[in-house]
Amino acid sequence: MIVLGIETSCDETAAAVVNDGRRILGESLLSQLEAHEPFGGVVPEIAARAHLEYADHVVGQAMGRSGVTFADLDGVAAAAGPGLIGGVMVGVMTAKAIAAVHDLPFAAVNHLEGHALTARLTDDVAFPYLLLLVSGGHCQLLAVEGVGAYRRLGTTIDDSLGEAFDKTAKMLGLGYPGGPAVEKAALAGNAARFALPRPMRGRPGCHFSFSGLKTAVRQTLMALPEGKLETADIADLCASFQAAAGDVVVERCGHAIRMVRQTHPAIGTLVVAGGVAANAYLRGRLGELAKAESLRLVAPPQRLCTDNGVMIAWAGLERLRLGLADGLDFAPRPRWPLDPDAPPATGAGVKA
Ligand code: KG4
Ligand code: ZN
């Protein structure tokens, strides 16, 4: 089976072709970083227009690199939400047009399911597994029981971890996107210099909260001598922030492991996915946790953690081989929780 996938839900225009032998046949990715950088974040209108301009080119490039023709495809998939609706519509319309012209089944893929299933392409992980999904828009712990079968154990009650990284970077003048910049600066920093809070520590369950940590970074920054922010201060604050985030993630994942073992006592794998999973420090901390809990940690290669076309092509393939095709009238969904039955988390700025 060979499937083309298209990703346009945020600021990457991406496409890829994968097969059911877990091989990536061809891929293409165009990042809009430069277009959004002056604004310090993604501007939805600019993103949508850029997707419109580049989608055909990116699809053509992925197809060209894969060496297959549209006639060789068994299906076409697009991220159909959650995400910035203008961009999502571009990807979905592109995929639907290809499906209609070449008479192919169409799969409307939940972007989060793309992140969730990537580990099955890269490492052949079997269901069920525990998933920590940490991206710019989401921070969730899920029991992944099958394609389309997710049980949410915890989520953030305010900011996502990616947002906390991005906002910390912005306050420190490190630019956008913040995650990689904070990680790089932290390498030279002293994590013990600033005592930042570990939100939710000691509380039962596995919800997250990061807004207090973000506020603490701002207050720490304001307490430093004005106009004299040295490179070492930035490095120390980044390292202290990352250590706090690491402690929070490890503690909440520990709770999730105990929770998931109640229903799946033999669970053997902890998967980390989403953009923040590219962070080597957090991967290291999760590796230690997994080892202590006798679990295998699977973290896809960094380029498959941040948004890409491969994850959508693979999730589409997983759905299509189960017969889960969607109609060409499928409407994009700006909000689309993986576990619609999860009770709402209570908190100030709750996301999906
Ligand atoms: O999954 P993703 O590419 O897009 C969303 O679906 O949101 O995630 C983007 C997020 C951004 O917040 C970015 O700062 C963060 O992932 N990120 C990182 C790193 N690389 C990307 N955060 C921490 N460390 C990194 N190395
Ligand atoms: Zn994503």
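This is a predicted model: local features need pLDDT of at least 70, side-chain atom pairs count only at pLDDT 80 or more; totals for chains, interfaces and linings use all residues.
Local features need pLDDT of at least 70 and side-chain atom pairs pLDDT 80 or more, while totals for linings use all residues. Residues are numbered from 1 along each chain as its sequence is written, and ligands from 1 in the order in which they are written.

**View 1. The largest pocket holds about 1,300 Å³ of space.** A pocket is an open set of points on a 1 Å grid over the protein atoms alone where a 1.4 Å probe fits, with protein on both sides within 12 Å along at least five of seven lines; lining residues have an atom within 4 Å of a point. Nearest the centre, among the 43 lining residues, are Cys-10, Ser-135, Gly-136, Gly-137 and Asp-166. Because domain 1 (2-117 + 304-339 + 346-351) and domain 2 (126-299) both give residues to the lining, the pocket lies between them.

**View 2. Helix H5 (161-171) is among the elements that line the largest pocket.** Six lining residues, the largest share, come from H5. Strand S3 (23-31), helix H4 (111-123) and helix H6 (178-186) each supply at least two. Helices are DSSP runs (H or I) of at least four residues, and strands (E) of at least two.

**View 3. His-111, His-115 and Asp-307 coordinate the zinc ion (ligand 2).** Their donor atoms, NE2, NE2 and OD, lie at 2.0 to 2.2 Å; donors are N, O and S atoms within 2.8 Å of the metal (3.2 Å for Na, K and Ca). His-111 in helix H4 and Asp-307 in the loop between helix H10 (302-305) and helix H11 (309-320) are 196 residues apart.

Notes. Side-chain values use heavy atoms; hydrogens and water are left out. Grid points are joined across faces, edges and corners, and a volume is the space filled by probe spheres set on the points. Domain bounds come from an automatic or database domain assignment.
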